[in-house]
Amino acid sequence: MKKNTNLRSVAAETIEKVVERGESLSTVLPVAQKLLAEKDAALLQELCYGVLRTLPQLEWVISQLMERPLTGKQRAVHFLIMVGLYQLMFTRIPAHAALAETVEGAVALKRQQLKGLINGVLRQFQRKQEELTTAMAEGDQQYLHPKWLLARLRNAWPEQWPQIVDANNQRPPMWLRVNRQHHSREEWLTLLQEAGKNAEPHPVHKDALRLEAPCPVSQLPGFDLGWVTVQDASAQGCVALLDPQNGETILDLCAAPGGKTTHILEVAPEASVLAVDIDAKRLARVSENLQRLNMTAEVKVGDGTAPEQWCGDRQFDRILLDAPCSATGVIRRHPDIKWLRRDRDIPELAAIQQQILDAVWPHLKPGGTLLYATCSVLPEENHLQVAAFLARHTDATLSDTGDEKQPGIQVFPDAQGGDGFYYAKLVKK
């Protein structure tokens with residue numbers, strides 16, 4: 001495969017695929033990284049994530065510096081200019097290097113006739129940087145969110161929305177889950193410190209540690225042996241509320257990539273677990289995670305709205321439903337969500353969540369527990385969804401998570417804490 005392609009042009013084409021074609025960054029970035037020398041993979045990631053995080057500000061700056069936006073076949077150059085602006089505004093890359101490499105990116109994009117335009121726009125920004133930065137801090141572009149999402153957050157959380165937006169715009173912390181089958185959290189923390197790294201224990205979730213500084217998993221003691229897993233603290237809260245027990249039959253629905261499946265088996269190693277997901281590709285990661293942790297579970301491709309197709313009339317002691325959602329609680333990890341989601345997606349997602357809840361409820365044994373969870377901060381997918389479910393199902397009762405007025409627990413993303421998450425524990429009478 002060709003190496004040493006111009007890094008800025010690769011970044012521009014990758015960002016274009018996300019913003020213009022609606023492709024997921026987690027899908028297109030690994031492909032793009034293979035075009036470059038290994039040492040350049042981290043910078044490509046920084047530029048792609050950074051531009052997608054700050055897109056409204058970069059768009060606004062371009063609108064101030066150019067009379068007309070570039071369209072059609074020249075659209076990739078629009079994103080190349082963004083890559084140049086991001087370097088000048090938000091990185092420590094020397095300005096002369098950022099300018100030279102970005103302008104040269106036009107050649108790799110076969111748009112060498114636009115080198116002068118790119119150079120002119122970026123130099124104009126350098127001259128006007130101070131006044132543009134001051135003006136930029138006044139409009140909605142300062143929040144780095146699409147208008148529809150800002151409106152929903154302001155409406156749903158009139159007091160908390162600035163905190164949510166601010167957390168979404170931060171770089172995410174790296175949370176770990178210590179496998180209690182091998183070590184206590186304190187024992188593994190000692191091993192980590194001996195390896196020259198430090199971490200903070202989570203105040204509530206017993207297995208969770210936040211690394212002081214993110215690092216490659218190869219530097220974590222015993223990662224290959226299954227001693228530790230990378231998993232956000234809020235996601236770890238699911239299994240604490242589910243409270244799985246040895247000997248039980250447990251369904252993990254929408255299970256990919258398998259973090260919660262393996263957590264269930266760490267807590268209850270003698271439970272019988274069925275992990276189901278509609279996406280066969282992502283489901284392969286469940287099997288990989290089980291293998292790394294030397295665990296066994298039944299893994300099946302299946303649609304949550306039609307459980308009879310993959311489990312017949314089987315019933316479960318506990319069901320963990322991490323429902324498909326808008327993912328508005330994990331924007332700091334996936335900034336492309338802001339540009340891939342649309343306002344119309346929210347009612348559509350809520351309708352799918354309702355279908356899955358209603359379809360899987362008959363497969364819960366009387367006295368059993370269903371934990372409904374999402375990585376969303378929007379009421380339509382969370383407490384409004386659960387309130388409607390309780391109204392439809394008289395044999396369901398809420399347990400340990402809020403009250404009937406405001407069912408469930410809503411967690412907001414926090415710079416030093418976990419992602420945005422929602423949990424509701426439902427028990428069948």
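Modeller: Helix α11 (residues 233-242) has nine of its ten residues buried, so the rest of the structure largely encloses this helix. Buried means under 20% relative accessible area, exposed means over 50%, and partly exposed lies in between, with a 1.4 Å probe and protein chains only. The model is a predicted one, in which local features need pLDDT of at least 70 and side-chain atom pairs count only at pLDDT 80 or more, whereas totals for chains, interfaces and linings use all residues. Residues are numbered from 1 along each chain as its sequence is written, and side-chain values use heavy atoms, with hydrogens and water left out.

The buried residues of α11 are Ala233, Ser234, Ala235, Gln236, Gly237, Cys238, Val239, Leu241 and Leu242. At the N-terminal end, aspartate 232 caps α11 through a side-chain oxygen that lies 2.8 Å from the backbone nitrogen of serine 234. Just after α11, aspartate 243 has a positive phi of about 55°. Helices (H or I, at least four residues) and strands (E, at least two) are DSSP runs, numbered from the N terminus.

The peptide bond that joins alanine 256 and proline 257 is cis, with omega at about 5°. Most residues other than glycine have a negative phi, and most peptide bonds are trans.

Helix α12 (residues 259-267) holds threonine 262, which is buried, with a relative accessible area of 1%. A polar contact (a pair of N or O atoms within 3.5 Å; within protein, one able to donate a hydrogen and the other to accept it, and residues adjacent in sequence counting only if both atoms are side-chain atoms) of 3.0 Å joins the side chains of threonine 262 and arginine 177. A polar side-chain atom of threonine 262 also lies 3.0 Å from the backbone oxygen of glycine 258. Neighbours within four places in sequence aside, threonine 262 is in contact with Arg177, Asn289, Leu290, Leu293 and Met295; contact means heavy atoms within 4.5 Å.

Strands β6 (residues 272-277) and β7 (residues 298-301) pair in the parallel sense over four bridges, pairing being assigned if DSSP finds at least two bridges between two strands. Valine 276 has lysine 300 in β7 as its bridge partner. From β6 the chain passes through helix α13 (residues 280-292) to β7, in a right-handed β-α-β crossover. In the loop between α13 and β7 is asparagine 294, a residue other than glycine with a positive phi near 55°. Asparagine 294 is exposed, at 72% relative accessible area.

Of the contacts with a separation of 6 or more, 72% are between residues 24 or more positions apart.

Note on methods. A crossover is right-handed if, with the strands pointing away from the viewer, the path from the first strand over the helix to the second runs clockwise.
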